[in-house]
Amino acid sequence: MFKAILIILATLLILGYFFVQWANKPENVEALLKAREQEKKQAIADSIKAEEDKKQQRLDKAVGAWKDVEVQKKNEADLQLVIDEKFKDNHLKDIELQKSPMIKMSDNTLIYSTTVYKKTTSETILALSKKEFENFVAEMETEIAGDELGVGIVFNYKEVRKKTLFGTMETWNSDRVSSSLQNVSLTVNNEDETENLLTLKEVLTFKSIPKQKVRLEKKGKQLKVSVNGKIIFDKAVNQYSYPKGKVGIYIATSNSTDWNQSVIGTIKSFKVWTW
């Protein structure tokens, strides 16, 4: 055992000797000095970039605050109609239809019809604007048939590419609002809220609101949602999914029952105004 330890120590000493000889060669010393100099330069460059990034963030924040103040000065009289989609002659004029077998146009309306299978949820984009909007008012007239259906407005929409184990996957992210027969759901920066359209007494009498005018106003950090003139959400938003993006027509389905349900959503008009 003692002999084995001596052999190991001797081996380590010999290897150490040859390593020192190799490291002290002029070309190796020069390479080491160059590497250390490069590391020093990179550290300085990283420090400068970090400081520049902080300055840019402060500038962006200041510009954002200024823009928010300016847009809050605007009022209804300053709005300009930029999208006025009435599905005339069963064609789209100002927005682009997304591919879905559940969509059709009939009698100057856009119709979404499907079976919502038990214990399932889904989200579908029916149509999107051609341009992106930051501050705007969007309004749509709808008629809803089916408890499991929500019809509403998607905004700050952007396509997203995600890397997975199976390659790159194309998906989307956005903020959105959907209104069903009895409540309204709002999702901002992937945080969900739900408010009732009806009082408890009305719910107990099985009242619902099938015909709706959903209106969404995004004015800087201020976000307002109303249904048939009744304000449901009126709040300040710290952070949206994106500062701006496309605006469009959105469908949400959710069936927690033990049986399948047929639903139909009819969109009669879709309008967007900007400041």
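**Exercise 1.** In this predicted model, work out which residue forms a salt bridge with Arg 176, and where in the chain the two partners sit.

*Solution.* 
- Start with the pair: Arg 176 teams up with Glu 123, and their closest N and O atoms are 2.8 Å apart.
- Check that against the cut-off: a salt bridge needs a Lys or Arg side-chain nitrogen within 4 Å of a carboxyl oxygen of Asp or Glu, so the pair counts.
- Now place the residues. Arg 176 belongs to strand 8 (residues 167-179), while Glu 123 belongs to strand 5 (residues 120-133).
- The two are 53 residues apart, so this bridge links distant parts of the chain.

**Exercise 2.** Sort Arg 176 and Glu 123 by burial: buried or partly exposed?

*Solution.* 
- The cut-off for buried is under 20% relative accessible area, with exposed being over 50% and partly exposed in between.
- Arg 176 has 10% relative accessibility, so call it buried.
- Glu 123 comes out at 41%, so that one is partly exposed.

**Exercise 3.** Strand 5 turns up again with Glu 132. Find the salt-bridge partner of Glu 132 and say what the pair ties together.

*Solution.* 
- The partner is Lys 158, with an N to O distance of 2.9 Å.
- Lys 158 is part of strand 7 (residues 149-164) and Glu 132 is part of strand 5, so the bridge ties together parts 26 residues apart in sequence.
- As for accessibility, Lys 158 has a relative accessible area of 25%, which makes it partly exposed.
- Glu 132, at 36%, is partly exposed too.

**Exercise 4.** Look at Glu 202: what is its salt-bridge partner, and how many salt bridges does the model have by this rule?

*Solution.* 
- Glu 202 pairs with Lys 207, the closest N and O atoms lying 3.2 Å apart.
- Glu 202 is partly exposed at 24% relative accessibility, and Lys 207 is partly exposed at 39%.
- The count for the model comes to 10 salt bridges.
- Some bridges join up: Glu 76, Glu 139 and Arg 215 are linked in a network.

How values were computed:
Residues are numbered from 1 along each chain as its sequence is written. This is a predicted model: local features need pLDDT of at least 70, side-chain atom pairs count only at pLDDT 80 or more; totals for chains, interfaces and linings use all residues. Side-chain values use heavy atoms; hydrogens and water are left out. Helices (H or I, at least four residues) and strands (E, at least two) are DSSP runs, numbered from the N terminus. Buried means under 20% relative accessible area, exposed over 50%, partly exposed in between (1.4 Å probe, protein chains only).
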